[in-house]
Amino acid sequence: MAEHTRPRGRLLDVLRNRPFLRLWLVQALSQTGQNMVNFAVLILVAGIVQQHQISQANTAVGIAVLSFSVPAILFAPVAGVVVERARKRTVLIVTNALRGLAVVGFVLIGDDWRALLALSTVYAITFISGTVGQFFGPALGAAIPEVVPAKDTVHANALFNLTFTASQLAGFAALGPLLIKLVGLDQVLVGIIGIFAICAVLSVTIPNRPPAARRSTEESPFRRIVHDVQEGVLVIVQTPVLLKAIGYLSLATASYLMVAVLGPEFISGVLGLPQQDFAFIIAPAGLGVLVGVLAVGRIAGRLGPERTIDWGVTAAGILLVLLGLLASIDRIFRPGATSVALATIVVAGMLAALLGVANAFILAPSQSLLQSASPPHVRARVYGAFFTVSNAVAFIPIIFAGALADLFGVAKVLVAIGAILAAAGLVQLLRLPKSGRS
């Protein structure tokens, strides 16, 4: 009980919370495994294309990307409704077990299968696995307040956001490619099956809280689902804080995805480095996220979650503008130079690190607002709506980032994104004192 009476939580308090620690392990392992699956799917499709000498290789890979992206838009709202009616522990167990079984399907695809059959099977399994995964996210997010005291939610969400980013880098950009190269695709897929099995077993140890009580009704299941989705959307629309949190989370996700898409071209076209040296930007950004995670709880405790988010968005916008202007600034001080200076490259890494800090200041408090401002009986539905909006917005950088960069140049696109973010943050900072929010 003494833990609940402290005015503000500490990161150490969260890590000492064993139910949360197990939930965090489930998140880390499961999301890393899922990102490894996504990379393995691309390798699997590329192998089929190469084996059968299919000329539409980019189309085949593009369909694979859509197969694990589209389910988020189609099923996240329904997933939130289902999660509200179920025990979060049960959802975590089932989703991990089913995704492990889906990976078994990839292993069973034979080299002697016809190209159309093999590709269709990969797409179908990926789509089904992606659909199952939509229930995992809302259950995970809604389970945090069930195992963490209110004073610790900012730190808990900071750790979850750090782990989410780390799992993407580890699963999709590091472990997946490295292990497939070292031991082969089938062996990695078998290992992923083991990861999901461990997550299912760990989920059994998470507290089993019953779902919120609901009124009995004679409506059909379909009408109840539609009604529950509408109720969740209505709660969001009538709660400005939720609208703000979802809007900022989606905007931040889209902006950082666009930066990720533009990163290789920024490295080569602006800084003059080989594209494989993208680590010069990614590594400092990851370090910045870690620093932000350690600091965000204290900052949010002093400024309040909303003001922390607004400062984070404003800072991120300014930093992106500076990144976009780096080459121009370098030319001002070094007219006639054919390449950027080493100091400019170092400054780019420093700006990337500060962007990581700003990212933590946006994501962790926004997640906390989603949880604290959502009534318990609709919390998972709010998360479902967030995942739908966030993933729909995320298609913007995937579709338009490259085209915009080809038309206007990477630097101009970064400046434009930064200006939009900075303006949005400044508007909110100017409005907060008038509204009386802290």
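Author: Val94, Leu98, Leu101, Val104 and Leu108 make a nonpolar surface patch of about 450 Å². Patches are built from residues with over 30% relative accessible area and no salt bridge, joining like charges within 9 Å and nonpolar side chains (Val, Leu, Ile, Met, Phe, Trp, Tyr) within 5 Å. Accessible areas come from the Shrake-Rupley method with a 1.4 Å probe, and for residues only the protein chains shown count as cover. This is a predicted model, in which local features need pLDDT of at least 70 and side-chain atom pairs count only at pLDDT 80 or more, while totals for chains, interfaces and linings use all residues. Residues are numbered from 1 along each chain as its sequence is written, and side-chain values use heavy atoms, with hydrogens and water left out.

Reader: Where does Leu101 lie, and is Leu101 buried or exposed?

Author: Leu101 lies in helix α5, which covers residues 88-108, and at a relative accessible area of 58% Leu101 is exposed. Buried here means under 20% relative accessible area, exposed over 50%, and partly exposed in between, with a 1.4 Å probe and protein chains only.

Reader: How many helices and strands does the chain have?

Author: There are 15 helices and zero strands in the chain, where helices (H or I, at least four residues) and strands (E, at least two) are DSSP runs numbered from the N terminus. Of the 438 residues, 48% count as buried.

Reader: How many salt bridges does the count come to?

Author: The count comes to two, on the rule that a side-chain nitrogen of Lys or Arg lies within 4 Å of a carboxyl oxygen of Asp or Glu. In one of them Lys88 pairs with Glu146, with the closest N and O atoms 3.8 Å apart. Lys88 lies in helix α5 and Glu146 in helix α6 (residues 115-147), so this pair ties together parts that are 58 residues apart in sequence. Lys88 counts as buried at 7% relative accessibility, and Glu146 is buried as well, with a relative accessible area of 18%.

Reader: Which side chains meet at 3.0 Å, N to O?

Author: Asp330 and Arg334 do, in a salt bridge; Asp330 counts as buried at 7% relative accessibility, whereas Arg334 is partly exposed at 32%.

Reader: Back to α6: how many of its 33 residues are buried?

Author: The number is 25, so α6 is mostly covered by the cut-off of under 20% relative accessible area. From its first C-alpha to its last, α6 reaches 47 Å, close to the 48 Å expected at 1.5 Å a residue, where the expected span is 1.5 Å times one less than the number of residues.
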